[in-house]
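Here are my notes on the model, as numbered points. Have the structure open while you read.

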Amino acid sequence: MNVVIVRYGEIGTKSRQTRRWFESILMNNIREALVSEGIEFKKVEAKHGRILVKTNKAKDAVDVLRRVFGIVSLSPAMEIDAELDKINRTALKLFRRKKRELGLERPRFRVTARRITKEFPLKSPEVQAKVGEYILENEESEVNLHDYEVEVGVELMEGRAYVFIDKIYAWGGLPIGTQGKVVALLSGGIDSPVAAFLMMKRGVEVIPVHIHTGEKTLEKVRRIWNQLRKYGYGGKGELIVIKPKEREKILEKLREMKKEKYTCVFCKYMMVRHADRIAREFGAKGIVMGDSLGQVASQTLENMYIVSQATDLPIYRPLVGLDKEEIVRIAKEIGTFELSTLPEDEIPFIPKHPVIRGSWEEFRKLYRAVFGEEPRKRQC
């Protein structure tokens, strides 16, 4: 294999000018991914709704590029002259290789051809018939257009043919760098890494911020972020760790007033205040949180309302409508679940009975008692 065919999805729905911009960013992210993994390549170019990566390490490249957002599928392929004899022989060679790999004596197969540009004299159905006939003549096999075990692909453009046997699906989405930056609050739990991942998938560069609760948890979060960075080609975010100075003051005052039940709401409110400051430093356009509606006490509508008052920036909650099983499934697929379930520092100040439906007015009174000033109120 000497080339990887990269296919994108919704990028192709953009206007010509916008599509070229998206393609440019996607190609830069592809180059970054290959260079970071030490995979040599000769060229990355966009042609007729495809991106072609010229490399003699096609299979290694596919393993890396399937993690680059914006890519829908990839095929390691042979690029050859668009001559029927060469197409036939290459298709048969790849078919035999796949037949051995699958351990099949008489595989069912089909040929799918696409004439992207019109220089080749035969139309797509004619190419399919000729290549299929050649395989049947030279190898024990059976054509089945619907229930097939092997699919031979042929794409023709600008006097070249690209013959492949595999189509590997990727994450899709949009290339990172096309949608600006956000700050993501990253804990050692299962949810917040998935929330950050889903925003990255939509082309957003994530700046991870962790509120320090202990060294064991911090080390765990570093490992989680390193795993997320495997999908972050195009982003430059480094983990920012904040050690809040106000925590003891808040805990002491809430104990004095016998309002420990508001501890979690206060902590999350202050987390967002810190995230707001970081976002403004970096020019980020919002804050990402791993909230799933109703999952825990701090994630009720009432409590999320209070927490949201801490910033005028948009708060994005990509998990808000997902249940725990859906979140866990994604976490396992992206490789963060096992890291998120590692031991971490215990948090001694979590109340036994946290407030479930907090009152903004009561929160304001408590805040004034703690800090001697009004909490900020989100401006609509």
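1. Leaving out neighbours within four places in sequence, S73 is in contact (heavy atoms within 4.5 Å) with I5, V6, R7, K167, I168, Y169 and A170. S73 sits in strand 4, residues 71–81; strands (E, at least two residues) and helices (H or I, at least four) are DSSP runs numbered from the N terminus. Its relative accessibility is 3%, so S73 counts as buried (under 20% relative accessible area, 1.4 Å probe, protein chains only).

2. Before going on: this is a predicted model, where local features need pLDDT of at least 70 and side-chain atom pairs count only at 80 or more, while totals for chains, interfaces and linings use all residues. Residues are numbered from 1 along each chain as its sequence is written, and side-chain values use heavy atoms, with hydrogens and water left out.

3. Now the open sheet: five strands run in the order 12-11-10-13-14, with parallel pairing (two strands pair if DSSP finds at least two bridges between them). Strand 12 (240–242) and strand 14 (315–316) are at the edges with a single partner strand each, so one side of each has no neighbour in the sheet.

4. Strand 10 (residues 181–185) pairs with strand 11 in the parallel sense over five bridges. A184 has P208, in strand 11, as its bridge partner.

5. What about the lining of the largest pocket? Helix 8 gives the largest share, eight residues. Overall, the lining divides into 19 nonpolar, 13 polar and eight charged residues (Ala, Val, Leu, Ile, Met, Phe, Trp, Tyr, Cys and Pro count as nonpolar, Asp, Glu, Lys and Arg as charged, the others, Gly among them, as polar). A pocket here is an open set of points on a 1 Å grid over the protein atoms alone, where a 1.4 Å probe fits, with protein on both sides within 12 Å along at least five of seven lines; lining residues have an atom within 4 Å of a point.

Key
Buried < 20%, exposed > 50% of the residue type's maximum accessible area, 1.4 Å probe, protein only.
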